[in-house]
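Here's a quick briefing on the fold you're about to see. Have a look at the model first, then go through the points below.

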Amino acid sequence: GWSLQRLGERGVRCAGYKPFCCGERADAEQLLDASSAGLTIEEVNPVWLQTPAAPLTAALAEKREIDPSVARDGFVRLRERFEFVAVEGVGGWIVPITSDYFTSDLAADLDLPVLVVALNRLGCLNHTLLTVRSIEAAGLRCAGVILNDMTVVRDIAVSTNAEILGRCLPLPILPQFDRFAAEIPAPLAQMLPEIS
């Protein structure tokens with residue numbers, strides 16, 4: 001929501017979109033709050049499952065079926081009304097939405113650049129490199145990596161993950177996301193519309 005607020009402050013009509021939300025709807029509500037006026041929570045989040053699990057798991061628990069076309073159609077409608085639409089995933093790149101449709105399939109259907117957000121901890125290198133390779137194998141553009149640092153302890157992995165990823169990937173690596181910063185970081189800025 002942070003980059004949407006910054007864009008809105010600069011006069012860009014923008015919308016956040018979380019096609020699938022499982023569990024609490026706080027992420028979708030934050031996107032709604034950060035978006036330009038004129039949206040409903042249902043437009044920001046067309047598929048809400050109350051079970052906090054992967055969409056396929058939540059749908060099975062709630063005895064519901066998910067139709068991925070609802071997410072695709074919702075995005076198309078937002079793109080018709082707004083200059084910029086930021087789409088938030090649901091738990092990871094290969095999270096099952098149905099038994100044969102994954103988060104990665106939605107990104108491919110929408111032909112979006114992908115920004116990987118990873119938790120900066122031990123195991124981050126493997127997780128991030130596998131995700132970026134999978135994005136590229138799908139024929140999509142990875143715009144960069146943001147490392148979320150939720151730990152107090154700064155071990156060698158946490159202290160060096162950004163540098164090592166920078167050596168391994170020809171992508172912008174943002175070592176930590178600062179939602180209070182005045183300027184939009186480069187990995188995000190390159191995906192945003194030009195502001196006159």
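This is a predicted model: local features need pLDDT of at least 70, side-chain atom pairs count only at pLDDT 80 or more; totals for chains, interfaces and linings use all residues.

Buried here means under 20% relative accessible area, exposed means over 50%, and partly exposed is anything in between, using a 1.4 Å probe and protein chains only. Residues are numbered from 1 along each chain as its sequence is written, and side-chain values use heavy atoms, with hydrogens and water left out.

**Overall picture**

- The protein has 9 helices and 9 strands; these are DSSP runs numbered from the N terminus, with helices (H or I) of at least four residues and strands (E) of at least two.
- Of its 196 residues, 42% count as buried.
- Contact means heavy atoms within 4.5 Å. Among the contacts with a separation of 6 or more, 71% come from residues 24 or more positions apart.
- The accessible surface comes to about 10600 Å², and 53% of that belongs to carbon and sulfur atoms. Areas come from the Shrake-Rupley method with a 1.4 Å probe, and for residues only the protein chains shown count as cover.

**The E7-E8-E9 sheet**

- Three strands make an open, parallel sheet in the order E7-E8-E9. Two strands pair if DSSP finds at least two bridges between them.
- E7 (114-119) and E9 (173-174) sit at the edges with a single partner strand each, so one side of each has no neighbour in the sheet.
- E7 and E8 pair in the parallel sense over 6 bridges, and Val116 stands opposite Val145 in E8.
- E8 (residues 142-148) also pairs with E9 in the parallel sense, over 2 bridges; there, Ile146 has Leu174 in E9 as its bridge partner.
- Helix H8 (residues 156-168) packs on this sheet, touching E8 and E9, and its direction makes about 165° with that of E8. Axes are lines fitted to C-alpha atoms (for helices, over the stretch in contact), and angles run from 0 to 180 degrees between N-to-C directions.

**Helix H7**

- H7 (residues 124-137) lies across E7 and E8, running at about 165° to E7.
- Its 14 residues reach 20 Å from first C-alpha to last, close to the 20 Å expected at 1.5 Å a residue. The expected span is 1.5 Å times one less than the number of residues.
- Which residues of H7 are buried? They are Cys124, Thr128, Thr131, Val132 and Ile135.
- Seen down the axis, the buried residues of H7 fall within an arc of 95°, so they line one face of the helix. The arc is that of the directions from the helix axis to the C-beta atoms.
- What covers that buried set includes E7, E8 and H8.
- The face turned away from the buried side carries the exposed residues Asn126, Leu130, Arg133 and Ala137.
- Thr128 has a relative accessible area of 0%. Leaving aside neighbours within four places in sequence, Thr128 is in contact with Val116, Ala118, Val145 and Leu165.
- Thr131 is also buried, at 13%. With the neighbours within four places in sequence left out, Thr131 is in contact with Trp93 and Val116.
- After H7 comes Gly139, with a positive phi near 80°.

- The 14 residues of H5 (residues 68-81) should span 20 Å at 1.5 Å a residue, and the end C-alpha atoms are 21 Å apart, which agrees.
- Pro68, Ala71, Gly74, Phe75 and Leu78 are the buried residues of H5. They cover an arc of only 125° around the axis, which puts them on the same side of H5.
- In H6 (residues 103-110), the buried residues are Thr103, Ser104, Leu106, Ala107 and Leu110. Down the axis of H6 they fall within an arc of 160°, so they line one face of the helix.
- The buried residues of H6 pack against E2 (20-22), H5, E5 (96-98), E6 (101-102) and E7.
- Just after H6, Asp111 takes a positive phi of about 55°.

**Tyr17**

- Tyr17 is placed in strand E1 (residues 14-17) and is buried, with a relative accessible area of 0%.
- Tyr17 and Ile41 are 24 residues apart in sequence and 9.5 Å apart in space, C-alpha to C-alpha.
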